[in-house]
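Reader: I have a structure to look at and would like to learn how to read it. Could we go through it one feature at a time?

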Amino acid sequence: MAQDAPRSYHALPFSEPRLLADIGATYARFCIEQVPGRFDHVAVLPCAYYPGFVAVVEAYLGTLPGIVPRHAAVAIANPIDGDQVRMTNRDWAFSIQDAQRQLSLSTLLVVNNFTALAMALPRIGPEGRVQIGGGEPQSNGVIGLLGPGTGLGVSGLIPTTGDRWTVLATEGGHVSFAPTDERELQVLQHAWKTMPRVSAERLISGPGLELIYQALSQGHPGAEPNLSAADIVQRTLQDHNPLCAETVECFCGMLGTMASDLALTLGATGGIYVGGGIVPRLGELFASSPFRQRFEAKGRFSTWVARIPTYVLTAENSSFVGVSSLLADHVPDHDGGNPLLDRVRSAADGLSPAERRVANFVLDNPRSVLNDPIAVIAQGAEVSQPTVIRFCRSLGFQGLADFKLKLGSGLTGTLPVQRTQVRRQDGIADLCAKVLDNTISAIVQFRESLNVEAVDKAIALLREARRVEFYAMGNSTVVALDAQHKLFRFRIPSVAHTDASMHTMAAELLGPNDLAVFISSSGQPPELSRAAAQALERGASVIAVTASQSPLARKSTVCIAVDHSEDSSSFVSMISRILHLLVMDMMSVGLAVRRTPTLGPGPVSETAEGQMQPTPGVLISHIA
């Protein structure tokens with residue numbers, strides 16, 4: 001049976017069917033989307049019957065009558081960070097790329113379930129929600145979303161331009177729980193008996209409903225033991241059990257406080273939506289519960305919060321609508337077009353005149369924009385480079401790199417590269433692909449996070465230094481050797497030392513106007529930290545190319561942060577070394593373009609013939 005989305009936003013069918021899924025801790029829901037906005041072959045499978053993600057998807061695909069989807073989008077009750085997914089409330093773990101290959105999919109997009117649900121909110125009309133209490137939403141206001149089920153999902157939507165939204169993928173359900181009355185304190189004290197820290201999710205969820213019942217039943221000797229969340233709700237609605245009713249009342253009050261905390265945190269003047277598997281089943285009982293009263297109980301901010309509306313989501317297939325929207329942004333539609341370019345066209349009227357010139361340039365040159373640096377794009381659009389960045393952010397992207405990734409995925413029909421764990425059983429083809437994909441992904445992410453100001457300061461220190469020494473250990477030794485060879489090309493005398501015991505002794509020889517450059521993936525070796533401290537004590541400047549929060553970073557004059565974690569216990573750290581080499585390339589190129597032709601980077605002196613020449617004595621010392 002086909003089920004339509006609350007609002008259809010396409011008319012023509014896709015060239016290939018799409019698989020949509022909503023994977024929770026208890027049930028996995030599937031459908032096939034052949035016409036945008038229409039969901040066919042909807043099925044619900046219990047997760048407990050299957051050993052893992054791939055198995056449950058294969059079970060559903062086996063029920064389809066000759067339909068073979070090539071693109072899939074999955075909402076899952078878990079944070080998504082990279083290729084490896086390990087569910088919090090179910091013992092399932094999988095690699096996204098491995099699953100894509102096993103399921104023979106061209107595209108597999110995996111997102112947090114509340115990210116998907118949040119993306120569906122703008123398409124849900126009044127028929128798909130019930131307002132609880134008063135308040136009116138502000139147009140283009142931030143929207144908050146939370147929903148208790150097996151866990152407690154929390155998300156938000158921030159308006160950008162036109163009808164586009166940016167989703168906040170959060171783990172807000174894991175904030176610490178704070179009681180507001182003696183009854184909730186009693187519940188918290190009961191929870192403390194078995195867990196040292198009690199998050200909001202521990203109580204405002206299905207398992208939390210059971211925990212509240214256990215705490216409140218301690219003063220009722222005849223109370224039924226070990227009731228499930230479903231039993232508690234059923235006995236409240238049908239049997240009018242006083243203890244179960246008190247449990248649900250307490251639960252709704254806690255949820256009201258959590259919802260208002262979210263409204264204050266986000267400034268959610270567009271409203272707060274409540275979804276999940278519990279609240280919609282309560283019906284009128286929830287409307288008469290303490291939820292709204294507790295929502296507005298914010299002291300000095302009660303009047304402000306009272307203006308924010310709260311809704312219970314009742315629409316079916318909300319997650320399907322959300323993942324369908326997200327998948328449409330990643331995969332070209334039926335006519336071979338690009339949804340992101342359509343998004344640029346529709347947003348043009350809301351952009352500033354300068355940003356509109358960038359939009360026109362992108363629409364006229366979509367493929368060249370993928371490879372052009374920001375300076376070329378700015379020149380082609382006849383705007384400044386910051387205007388290009390503002391254009392990307394106006395569309396809801398983090399920056400130019402993020403925009404290019406999404407644009408490239410639409411033009412090629414594939415997802416952006418993600419990090420994937422190399423496994424011993426991988427074939428040569430998979431091994432090569434993973435090494436390349438991981439490196440590409442890391443470089444793109446590093447470009448987005450690079451502190452350009454720190455690089456600029458480092459180049460300035462290098463130009464002014466009378467003496468330069470590089471300190472490194474292990475894998476980083478090749479980076480120091482590479483830097484040594486680069487300085488040879490600048491006709492700067494250099495030497496490399498590889499004796500780790502020389503770190504402190506070498507640093508003791510430094511003085512004012514000298515420069516020490518430390519290179520380390522982790523920034524943890526004490527030898528490097530001691531040498532950096534010694535260099536600072538002697539009056540030298542210190543550049544650290546290392547992890548941002550490391551001990552070595554704290555000992556530096558300038559830190560060029562390279563935050564990339566690798567499994568160095570099984571494999572040699574490769575990507576960090578490449579990123580460090582790139583940093584040295586940036587510094588070398590910066591030195592080359594800023595130095596006066598025929599002059600070295602250091603101070604200059606005049607010869608007897610009146611010619612200027614570099615001051616000799618610039619030394620690179622590589623301690624490994």
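Reader: Which side chain does Thr107 join in a polar contact?

Author: Keep in mind that this is a predicted model. The side chain of Thr107 makes a polar contact of 2.9 Å with that of His71. Thr107 itself belongs to strand β8, residues 107-112.

Reader: Is Thr107 buried or exposed?

Author: The general idea is a cut-off: a residue is called buried under 20% relative accessible area and exposed over 50%, with partly exposed in between. Thr107 has 1% relative accessibility, so Thr107 counts as buried.

Reader: In which sense do β13 and β14 pair?

Author: Strand β13, residues 272-274, and strand β14, residues 310-313, pair in the parallel sense, over three bridges. To find the place by eye, look for Tyr273, which stands opposite Tyr311 in β14.

Reader: Next, charged side chains. How many salt bridges does a search of the whole structure find?

Author: The general idea is a distance cut-off: a side-chain nitrogen of Lys or Arg within 4 Å of a carboxyl oxygen of Asp or Glu. The search finds 13 salt bridges. One of them joins the side chains of Glu246 and Arg183, at 3.5 Å from N to O.

Reader: Where in the chain do Glu246 and Arg183 lie?

Author: They link distant parts of the chain, 63 residues apart: Glu246 is in helix α8 and Arg183 is in helix α4 (residues 182-192). Glu246 has 25% relative accessibility and counts as partly exposed; Arg183, at 23%, also counts as partly exposed.

Reader: Which residues are linked with Arg183 in a network of salt bridges?

Author: The network links Arg183 with Glu246 and Glu249.

Reader: How many residues apart are Asp231 and Arg235 in helix α7?

Author: They are four residues apart, about one turn of the helix, and both lie in α7 (residues 229-237). Asp231 is partly exposed at 26% relative accessibility, whereas Arg235, at 18%, counts as buried.

Reader: With which residue does Arg292 form a salt bridge?

Author: Its partner is Glu296, and the closest N and O atoms are 2.8 Å apart. Both residues lie in helix α11 (residues 291-296), four residues apart, about one turn of the helix.

Reader: Is Arg292 buried or exposed?

Author: Arg292 is buried, with a relative accessible area of 9%. Glu296 has 28% relative accessibility and counts as partly exposed.

Definitions and conventions:
Residues are numbered from 1 along each chain as its sequence is written. This is a predicted model: local features need pLDDT of at least 70, side-chain atom pairs count only at pLDDT 80 or more; totals for chains, interfaces and linings use all residues. Side-chain values use heavy atoms; hydrogens and water are left out. Two strands pair if DSSP finds at least two bridges between them. Helices (H or I, at least four residues) and strands (E, at least two) are DSSP runs, numbered from the N terminus. Buried means under 20% relative accessible area, exposed over 50%, partly exposed in between (1.4 Å probe, protein chains only). A polar contact is a pair of N or O atoms within 3.5 Å; within protein, one must be able to donate a hydrogen and the other to accept it, and residues adjacent in sequence count only if both atoms are side-chain atoms.
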